[in-house]
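Morning, everyone. I have one structure for you today.

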Amino acid sequence: MLVLGIESSCDDMAAAVVEDGSTLLSSVVSSQDDIHERYGGIVPELASRRHIETVVPVVEEAIRQSGRSLDEIEGIGVTMGPGLLGSLLIGLSFAKALAYDRNIPFVGVNHIVAHPLATLISEAGAEAGKDKPDFPFVALVVSGGHTTLFRYENENDCKVLGETRDDAAGEAFDKVAKLLGYSYPGGAVIDRLAKEGRSDGVPFKRPYIAKESLDFSFSGIKTAVLNHIKGLKGGGLTEEVIRDIAASFQEAVVDVLVRKAFDAVRQGGVKDLVVAGGVACNSRLRERLRARGKEDGVRVFIPTPRLCSDNGAFIAVAAYHLLKAGRRDDIALDADPNLSFRA
Ligand code: KG4
Ligand code: ZN
């Protein structure tokens, strides 16, 4: 079954064509970093206005790159939440109109729950395609808005094991980058700066909450970075100081993410761990997860970076499995900015 996936929940407009829930034929992402970076965060009204301009060309390009035609598309999946209402509505309205016009089924997809399904995609020559996780698995979704641990029984059934009580990991990366003088989004900048810094340069406290807890909390460490910067003596935020703060902050966040992900694997008695979402692009996190996986005999699956951050491909995979299970949504489906992922 050839499925078109459309994603517009935040500041990216994305579309992809995936065959049978696994073969990636195309994935096109139109980023809006140029619009939002000067404001230090996403401006929702500007995001949805740009989405109106990009939805048609992005979908057309995804179909063109897939080497198939619109007539061959057999189903459509579209993000229905969570996300920014205005942004969600553009992708959803377009998907509904296209499905109605073409008389093909469509389903609304939960963006957060769909992220880990990127590991079910085979990309010619890419690391994600070599091997796929077996159910049940534990998945850690680390994105700009969410830090959540799930247990997946199958493609359409998962439950929450733990989540952040305040900031998401990506949000903490973005805020710390801002404190260090960089524009939005800052995760990739911290990743780059940290490579040249000392990870033990500043002893930031690791927020573990309670010993066996699978919940997260990242707002304290962001405040610790702010207080550290305020207390700097001498030359203040020199390049060397910035690199050390970036490396030390990143190491603290990675320590917590790795420990809790593997705690969840142990507690759940599963063999496979999936990590997805924009923060899963982080090179140190990827390295530490793989090392710990080897130590513990746990198979670790992390999509290639382009499939970790937002894209239409994992939406198409999720939609394929929902459609296969018989779900159909109708034209009355509404976007839900706070769509829950608790069963
Ligand atoms: O999943 P995603 O693309 O969008 C959401 O659904 O939120 O995640 C975006 C987040 C941003 O906070 C961004 O700073 C972070 O992922 N991010 C990174 C890296 N690349 C993107 N965080 C740390 N290291 C990176 N290399
Ligand atoms: Zn996302």
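Start with Thr 164. Its relative accessibility is 16%, so Thr 164 counts as buried, because the cut-off for buried is under 20%. A reminder: this is a predicted model. Where does Thr 164 sit? In the loop between β8 (157-163) and α6 (169-179). Its side chain reaches the backbone oxygen of Asp 167 at 2.6 Å. Set aside the neighbours within four places in sequence, and Thr 164 is in contact with Thr 147, Phe 216, Ser 217 and Phe 218.

Next, the metal. Which residues coordinate the zinc ion (ligand 2)? They are His 111 through NE2, His 115 through NE2, and Asp 310 through OD, at 2.1 to 2.2 Å. Along the chain, the donor spacing reads H-x3-H-x194-D. His 115 and Asp 310 link distant parts of the chain, 195 residues apart. His 115 is in the loop between α4 (111-114) and α5 (127-130). Asp 310 is in the loop between α11 (305-308) and α12 (313-324). Are these two buried or exposed? His 115 is buried, at 0% relative accessible area. Asp 310 is buried too, at 16%.

Last, helix α8, residues 219-230. Twelve residues at 1.5 Å each should span 16 Å. The end C-alpha atoms are 17 Å apart, which agrees. Its buried residues are Ile 221, Lys 222, Val 225 and Ile 229. Seen down the axis of α8, they fall within an arc of 105°, so they line one face of the helix. Why does that work? An α-helix has 3.6 residues a turn, so residues three or four places apart point the same way. The buried residues of α8 pack against α6 and α9 (239-268).

Terms used
Residues are numbered from 1 along each chain as its sequence is written. Chains are lettered from A and ligands numbered from 1 in the order in which they are written. This is a predicted model: local features need pLDDT of at least 70, side-chain atom pairs count only at pLDDT 80 or more; totals for chains, interfaces and linings use all residues. Side-chain values use heavy atoms; hydrogens and water are left out. Helices (H or I, at least four residues) and strands (E, at least two) are DSSP runs, numbered from the N terminus. Buried means under 20% relative accessible area, exposed over 50%, partly exposed in between (1.4 Å probe, protein chains only). A polar contact is a pair of N or O atoms within 3.5 Å; within protein, one must be able to donate a hydrogen and the other to accept it, and residues adjacent in sequence count only if both atoms are side-chain atoms. Contact means heavy atoms within 4.5 Å. Donors are N, O and S atoms within 2.8 Å of the metal (3.2 Å for Na, K and Ca); water is not among the atoms, so sites may look incomplete. The expected span of a helix is 1.5 Å times one less than its number of residues. The arc is that of the directions from the helix axis to the C-beta atoms.
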